[in-house]
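This note sets out points to consider while looking at the structure. Please read each point with the three-dimensional view open, and locate every named element before moving on.

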Amino acid sequence: MSFLGYPRPEGLVGVRNHIGVISTVGCANDVTLWITEQVKGCASFLHGQGCTQTQPDLDQVTRTLISLGWNPNLAGVLLVSLGCESVSVDKIAEGIAASGKPVDKVVIQESGGATAAVDQGTRIVKAMTLEASRMKREEFPDSELVLGVKCGASDTTSGLVSNPATGAACDLLIDSGGTCIFGETTEFIGAEHVLTKRAATPEVARKIMEIVSRMEQRVTAMGVDMRGGQPTVGNITGGLSTIEEKSLGAIAKGGTRPIKAVYEYGERPQGKGLFIVDTPGREPEFLTAVAAAGAQVIIFSTGLGAPQGFPFVPVIKVTGNPNTYNRLPDHLDMFIELGNGNGIAKMGQALYQEALAVASGKQTKAEISGYGNFPNIFTIGPVI
Amino acid sequence: MKQKVVILNHKDNVATTLTSLKAGDSLKLEVNGHKKVIKLGADVPFGHKLSLARIEPNSPVVKYGEVIGISTALIEPGDYVHVHNIASARGRGDLEGGEK
């Protein structure tokens, strides 16, 4: 099978043709937003990090922003910097430029303030947009597809229907030679023994145990029962009683194929196959990590109805809960019905076809409504 | 007739409802190869769980063939199973005493 995408340098393929306007620090967000409002076809990445954090967090922000800039759905990138932040805009620009795509920067304190910076940035983004508009979609085999998978606002239908269907779509892609990325390490707790059996090597199994234990220690260090935070209040209302129950349902979305490698937050997996990226379960941080990992399309399985997409990546919302699908037509792209002869394999096939259609240009509900302007970058240490 | 509950694995001692059920409803189920009639002791909302067996306090509650938590009270067949009678064994900073 195949899809229509945009060829990028370094052998990558994009499924959207945005110019990405990326803040290097929270203080630059307003200028980033104002530039984005001036030019059709560009998309902003706003976040709250990049300064007054300890080095491991600053490294994580730098790594994540470089990887985001590499996302093949971006034809070019403008970085918006304040000027005095802890992360280096030049280092980030250099990292993104290695992808072979055009990169430029605006530094607010050097431009003469917001008005001048917006003017300067708008001119740059308009020129990049004009250049990008000449690119045409071409046919690529589905082995070039990079799919991110996520579940959120889960209820028990997630674990019974939409997560296994998402997993079946992952299996189809892996069998075609493509790439799938999943994560949400918190939701491996209680199910890690199922995942380690699928590790391609003992080292991968060890790394899975390491990231789960690291995430659980962060939780237990707070001295409380994490129930209410994970599973969330909404999960509990939806019928999930414990993190173990949530995790066992959640890992179904990664399918059944061998796990090739485990990556840190903000890293870009190398090669093709099924990968884990260490992330929390929360949407703003997770979606950033999977976009940074190079996902062109994300399948997002939901029970109660999570609304958000991601600025650079189409996010397909799928549910197995008929009440949610009927109640939230603004947000849900697909309903998958359990029973009536619909086996998991058939449901996965339908979802895979939808992913290829969206890759080829079909818009998702979140893209049409522009829902998803508030992503974030996961922090591991304090704000200082 | 529409299926009312799903049992995901033969090791499971709970079932998940596919529709909201009422206290007193009777379910004819095949549990691990044995035909069983289970009468609900309480209302169980759509997507929630009911017990298929007698589960003693401090015993494993099993779904997907895996342990999803530990019972905090005696659970009878047909009882509603949720946060009021099962607890998680993981992420329990309250039991581990927090930062060491």
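1. The contact between the chains. The model discussed here is a predicted one. In the contact, chain A takes part with 27 residues and chain B with 26 residues. On the side of chain A that touches chain B, at least two residues each come from helix H6 (156-175), helix H8 (202-220) and helix H10 (243-250) of chain A. H10(A) gives the most to this side, namely four residues. Sorted by class, the side of chain A that touches chain B has ten nonpolar, eleven polar and six charged residues.

2. Which strands of chain B does H10(A) lie across? The helix H10(A) lies across E6 and E7 of chain B, and runs at about 165 degrees to E7(B). These two strands belong to an open sheet of three strands in chain B, with the order E6-E7-E9 and antiparallel pairing. Its edge strands are strand E6 (60-63) and strand E9 (86-87) of chain B, each of which pairs on one side only. Between E6(B) and strand E7 (residues 66-71) of chain B there are four bridges, and the two strands run antiparallel. One pair to find is Lys63(B), whose bridge partner in E7(B) is Glu66(B). As background, strands of a sheet pair through backbone hydrogen bonds, either parallel or antiparallel.

3. Chain B as a whole. The secondary structure of chain B consists of one helix and nine strands. Along the sequence, the pattern of chain B reads β-β-β-β-β-β-β-β-β-α. Taken along the principal axes, the box filled by the C-alpha atoms of chain B is roughly 55 × 25 × 20 Å. Of the 100 residues in chain B, 31% are buried. Among the contacts in chain B with a separation of 6 or more, 46% are between residues 24 or more positions apart.

4. A covered strand in chain A. Strand E5 (residues 74-81) of chain A is mostly covered, since eight of its eight residues are buried. E5(A) pairs with strand E3 (residues 18-23) of chain A in the parallel sense, over six bridges. Here His18(A) stands opposite Leu74(A) in E5(A). E5(A) is also joined by five bridges to strand E6 (residues 103-107) of chain A, and these two strands run parallel. In that pairing, Leu79(A) stands opposite Lys105(A) in E6(A). From E5(A) the chain crosses through helix H3 (residues 89-97) of chain A to E6(A), a β-α-β crossover that is right-handed.

5. Two packed helices in chain A. Two packed helices are described by the angle between their axes and the distance between the axes. Helix H2 (residues 55-70) of chain A packs against helix H11 (residues 283-292) of chain A at an angle of about 60 degrees, and their axes are 7 Å apart. H2(A) is therefore oblique to H11(A). On the H2(A) side, Thr64(A), Ser67(A) and Leu68(A) meet Thr288(A), Ala291(A) and Ala292(A) in H11(A). By class, this contact of H2(A) with H11(A) has three nonpolar, three polar and no charged residues.

6. Is H11(A) mostly covered or mostly exposed? H11(A) is mostly covered, with nine of its ten residues buried. Among the buried residues of H11(A) are Glu283(A), Phe286(A) and Val290(A). The cover over the buried residues of H11(A) includes H2, strand E8 (146-152), strand E9 (179-182), strand E11 (273-277) and strand E12 (297-302) of chain A. After H11(A) comes Gly294(A), which has a positive phi near 105 degrees.

7. Backbone details in loops. A cis peptide bond, with omega about -10 degrees, joins Gln230(A) and Pro231(A). Pro231(A) is found in the loop between H8 and helix H9 (233-237) of chain A. Thr52(A) is not a glycine, yet has a positive phi of about 45 degrees. This residue, Thr52(A), sits in the loop between strand E4 (42-45) and H2 of chain A. Because Thr52(A) has 14 C-beta neighbours inside 10 Å, it counts as partly exposed. In chain B, Asn58(B) is likewise not a glycine and has a positive phi of about 60 degrees. The loop between strand E5 (49-51) and E6 of chain B holds Asn58(B). With 10 other C-beta atoms within 10 Å, Asn58(B) is exposed.

Methods: Residues numbered from 1 in each chain as written. Chains lettered and ligands numbered in written order. Predicted model: local features only at pLDDT ≥ 70, side-chain atom pairs only at ≥ 80, totals over all residues. Contact = placed C-beta atoms within 7 Å. Nonpolar A, V, L, I, M, F, W, Y, C, P; charged D, E, K, R; others polar. Pairing = 2+ DSSP bridges. Axes fitted to C-alpha atoms, helices over the stretch in contact; angles between N-to-C directions. Buried ≥ 20, exposed ≤ 12 C-beta atoms within 10 Å, placed from the backbone. Parallel < 35°, antiparallel > 145°, perpendicular 65-115°, else oblique. Right-handed = clockwise from strand over helix to strand, strands pointing away.
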